[in-house]
Amino acid sequence: MSKVFACFKSIGAYAPKKVLSNEDLEKMVETTDEWILQRTGIKERRLASEDELTSDLGLKAAKLAIERAGIKTDEIDAVICATLTPDFLCMPATACLIASKLGIKNVLAFDVSAACSGFVYILYLAKSLIESGLHKNILIIGAEKLSSVVDYTDRGTCILFGDGGGAAIIGTTTDKNEAIADIQISADGDYAHLLVAPRSRVTHPKDDRTLEYLQMAGNEVFKVAVKTLTNDVVEILQKNGISADEIDHFIPHQANLRIIEAVREKLNFSHEKTVLTVHKYGNTSAASIPMAMNDAYEEGRIKHGDLILLDTFGGGFTWGSALLRFGGK
Ligand code: UT7
């Protein structure tokens with residue numbers, strides 16, 4: 001019997017309609033469009049409406065991914081959601097809520113907490129579950145309502161984040177040329193305190209602002225992010241004997257244009273190969289990579305068989321990279 005590989009079958013995403021521009025933020029905190037653009041590359045970000053929850057954003061992205069994969073919901077045998085803004089803290093998992101809204105029952109469904117690296121983490125899990133032979137079609141979702149944890153009086157963070165969802169179907173293939181080649185993920189909890197959102201009432205029962213809002217030591221995070229994202233990509237390319245020239249699309253986590261540019265220049269990726277959405281969505285954490293991938297797909301840039309490199313970094317700290325062929329149509 002031929003070996004079964006995990007295959008990235010489809011991508012889908014959803015961006016809420018409401019736009020929060022830099023000009024809007026100028027009216028809320030002491031900042032300017034010029035400062036935000038220069039330091040982050042962000043022009044605007046999307047905000048979910050009050051009654052739109054993370055599961056709703058994930059659901060819309062998931063529907064698109066399922067339709068594009070050409071499968072029925074009853075063929076899906078696992079649902080995994082990465083989010084740091086679940087509808088409910090701890091339970092029920094957002095993945096269970098999305099599965100229920102899709103009418104998917106009696107399958108594995110759970111959430112993963114790996115901040116901005118969440119999507120690459122769940123891609124790793126999906127690959128492992130499929131290549132172990134236990135599963136055939138896994139719905140993975142990265143969705144965030146970050147506006148629910150952002151402090152809109154803190155100019156150091158509120159300019160960065162936005163809401164959205166992205167999803168993919170990871171299926172099977174026996175053709176190595178359309179498989180997910182390699183994924184490496186890692187973490188270092190020594191940096192945990194530099195990016196928290198929000199603190200748990202279990203460990204911090206005192207009622208203060210840190211309970212409610214995302215807190216970030218931006219500059220310190222920035223420095224580690226550049227170094228880690230660069231090393232990560234160098235490592236996965238070397239390990240797989242692939243040169244940067246062979247990559248068709250470099251899709252990094254969309255946190256800050258300066259971080260992306262630093263990695264892009266170091267690796268010598270062209271502008272054309274680098275997928276950018278940070279200017280219009282800001283940082284959407286676990287949704288950032290699938291939203292960027294979906295944009296490139298909808299623009300007709302990503303085709304079946306293209307070699308894609310994902311690179312991510314986030315709170316925890318967590319990080320990871322993935323090397324894959326696009327197996328969708
Ligand atoms: O997704 C997870 C990973 N997250 C990241 O990778 C985010 C990493 N961090 C960043 O993107 C950047 O550090 C920021 C965009 C958050 C900040 O940019 P920075 O170049 O690191 O600025 P800074 O924090 O060193 O602050 C420089 C100055 C400070 O003023 P003083 O102390 O020099 O007078 C800040 O108070 O800029 C000030 N500042 C602002 N000024 C205008 C900070 N935020 C703003 C603002 N508008 N929104």
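Trainee: How do β4 and β5 pair, and over how many bridges?

Mentor: In this predicted model, β4, residues 78-82, runs parallel to β5, and the two are joined over five bridges.

Trainee: Which residue in β5 is the bridge partner of A82?

Mentor: That's V112.

Trainee: And what holds strands like that together in general?

Mentor: Strands in a sheet pair through backbone hydrogen bonds, in either a parallel or an antiparallel way.

Trainee: What order do the strands of the open sheet have?

Mentor: There are five strands, in the order β1-β7-β6-β4-β5, and the pairing is mixed. β1 (5-14) and β5 (108-112) are the edge strands: each has a single partner strand, so one side of each has no neighbour in the sheet. From one strand to the next, the twist averages 20 degrees.

Trainee: Is C96 buried or partly exposed? And what about C7?

Mentor: C96 is partly exposed, at 33% relative accessible area. C7 counts as buried because its relative accessibility is 0%.

Trainee: Now pockets! What volume does the second largest pocket have?

Mentor: About 220 Å³. The second largest pocket is lined by 13 residues, and K176, A179, I180, A181 and R325 lie nearest its centre. The elements giving two or more residues to that lining are α5 (118-131), β8 (180-187) and β13 (318-325).

Trainee: Which classes make up the lining of the second largest pocket?

Mentor: Seven nonpolar residues, two polar and four charged.

Methods:
Residues numbered from 1 in each chain as written. Predicted model: local features only at pLDDT ≥ 70, side-chain atom pairs only at ≥ 80, totals over all residues. Heavy atoms only, no water. 1 Å grid on protein atoms, 1.4 Å probe; cavity = no way out; pocket = protein on both sides within 12 Å on 5 of 7 lines; lining within 4 Å. Points joined across faces, edges and corners; volume = space filled by probe spheres on them. Helix = DSSP H or I, 4+ residues; strand = E, 2+ residues; numbered from the N terminus. Nonpolar A, V, L, I, M, F, W, Y, C, P; charged D, E, K, R; others polar. Buried < 20%, exposed > 50% of the residue type's maximum accessible area, 1.4 Å probe, protein only. Pairing = 2+ DSSP bridges. Axes fitted to C-alpha atoms, helices over the stretch in contact; angles between N-to-C directions.
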